[in-house]
Amino acid sequence: MPLLELLLPPLNPPLSDWHGKTVWIVGASSGIGQATASALHAQGAHVVVSARQANLLDGFVTHHPGSQALVLDATDRQAVHAAAAHLLRQGPLDCVVYCAGHYRAMRANALDVPDMERHVTVNYLGALYLLDAVLPALLARGAGHISLVGSVAGYRGLPNSLAYGPTKAALINLAETLYLDLHDKGIGVSLINPGFVQTPLTARNDFAMPALLTPRQAATAILAGWARGRFEIHFPKRFTLWLKALRILPNRLFFQLVRRVAL
Ligand SMILES: NC(=O)c1ccc[n+]([C@@H]2O[C@H](COP(=O)([O-])OP(=O)(O)OC[C@H]3O[C@@H](n4cnc5c(N)ncnc54)[C@H](OP(=O)(O)O)[C@@H]3O)[C@@H](O)[C@H]2O)c1
């Protein structure tokens with residue numbers, strides 16, 4: 001653990017004892033969301049998994065007794081509100097995670113506006129619908145935690161990321177602003193920025209993905225970040241720290257470097 005972390009208080013109330021806690025993960029039928037749900041279930045949490053593919057959610061519930069499936073299209077605002085209301089009638093939500101994501105590689109010579117709109121709707125608007133549906137209850141209780149799954153692709157512009165990157169940049173900004181607004185109200189806010197993880201989302205990538213993790217490794221990193229009360233949970237550090245360094249490079253150097261390495 002970095003020295004600074006030992007000296008300074010955590011940015012969020014640490015989440016380490018999951019027994020009896022209710023966690024709702026939207027985007028949990030596969031990949032990072034599913035692995036995180038599974039890890040939380042193993043730690044004693046009551047996990048609610050949401051996504052569109054009912055068969056995958058049902059399979060999860062079969063293998064994770066006591067968990068709950070709530071089929072949901074995150075781009076359907078009414079459906080998100082109805083699902084939240086249903087869950088809140090059962091009891092308080094201790095942690096709500098927006099993990100739904102859509103990704104297609106896109107470059108400027110093949111602009112596909114409908115697919116760009118899809119990225120905005122799934123990756124960003126869905127998060128807003130979820131926030132709108134759960135925040136009043138969290139604020140009324142003065143407790144709870146919201147986690148948004150962004151991406152290191154949101155740090156700076158990257159090749160192939162024309163549709164995806166801007167939505168993740170928006171989520172990063174949204175999480176920072178939420179933290180400012182909600183910290184003093186007793187609500188934790190965290191931002192999860194994974195590097196490459198082997199999931200259906202990245203399965204079509206035809207390039208080498210450096211420092212590729214399994215979903216289970218990603219889930220371990222996420223739970224560790226929550227336990228330490230981190231705001232930003234980024235992993236694996238051997239990859240994400242390089243991308244963080246790109247953030248502070250002057251534009252001329254940044255463009256030269258990315259062109260050389262990734263174009
Ligand atoms: N894999 C990586 O390398 C990587 C890196 C950085 C960030 N991320 C982010 O991590 C998150 C999870 O992605 P993943 O890699 O684990 O991919 P994944 O396995 O494809 O998971 C994406 C999840 O989003 C759900 N989803 C998609 N559209 C939805 C909708 N309209 N309504 C509700 N759920 C929807 C999918 O379920 P249904 O299809 O059943 O609806 C699935 O459960 C995403 O936000 C992604 O951007 C991934």
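**View 1. Helices α4 and α5 are roughly parallel to each other, a term that applies to angles under 35 degrees, with those over 145 counted as roughly antiparallel, 65 to 115 as roughly perpendicular and the rest as oblique.** Helices (H or I, at least four residues) and strands (E, at least two) are DSSP runs numbered from the N terminus. The model is predicted, so local features need pLDDT of at least 70 and side-chain atom pairs count only at pLDDT 80 or more, while totals for chains, interfaces and linings use all residues. Residues are numbered from 1 along each chain as its sequence is written, and side-chain values use heavy atoms, with hydrogens and water left out. The packing angle of α4 and α5 is about 30°, and their axes are 8 Å apart; axes are lines fitted to C-alpha atoms, for helices over the stretch in contact, and angles run from 0 to 180 degrees between N-to-C directions. From α4, the residues R77, V80, H81, A84 and L88 make the contact with Y129, L130, D132, A133, V134 and A137 of α5, contact meaning heavy atoms within 4.5 Å. Eight nonpolar, one polar and two charged residues form this contact of α4 with α5; Ala, Val, Leu, Ile, Met, Phe, Trp, Tyr, Cys and Pro count as nonpolar, Asp, Glu, Lys and Arg as charged, and the others, Gly among them, as polar.

**View 2. Helix α5 also packs against helix α6 (residues 164–182), at an angle of about 15° and with the axes 9 Å apart.** This angle makes α5 roughly parallel to α6. The crossing of α5 and α6 is right-handed. Residues of α5 in the contact include H119, N123, Y124 and L139, and those of α6 include Y164, K168, L174 and L182. The contact of α5 with α6 comprises 13 nonpolar, three polar and one charged residues.

**View 3. An open sheet is formed by seven strands in the order β3-β2-β1-β4-β5-β6-β7, with parallel pairing.** Two strands pair if DSSP finds at least two bridges between them. At the edges stand β3 (68–71) and β7 (232–235), each with a single partner strand, so one side of each has no neighbour in the sheet. On average, neighbouring strands of this sheet are turned by 15° against each other, direction ignored. Helix α4 (residues 77–90) lies across β1, β2 and β3, at about 155° to β3. Helix α5 (residues 113–141) lies across β1, β4 (95–98) and β5 (145–149), at about 165° to β4.

**View 4. Strand β1 (residues 22–26) pairs with strand β2 (residues 46–51) in the parallel sense over five bridges.** Opposite V26 stands S50 in β2. In a regular strand the side chains alternate between the two faces of the sheet. Both faces of β1 are covered, with T22, W24 and V26 buried on one side and V23 and I25 buried on the other (buried means under 20% relative accessible area, exposed over 50%, partly exposed in between; 1.4 Å probe, protein chains only). Because five of the five residues of β1 are buried, this strand is largely enclosed by the rest of the structure.

**View 5. Helix α2 (residues 31–42) packs against helix α7 (residues 215–227) at an angle of about 60°, with their axes 8 Å apart.** This angle makes α2 oblique to α7. The α2 and α7 crossing is right-handed. Among the contact residues are G31, I32 and L40 of α2 and P215, R216 and W226 of α7. The contact of α2 with α7 has 10 nonpolar, two polar and one charged residues.

Methods
Left-handed = near helix turned anticlockwise from the far one by under 90°.
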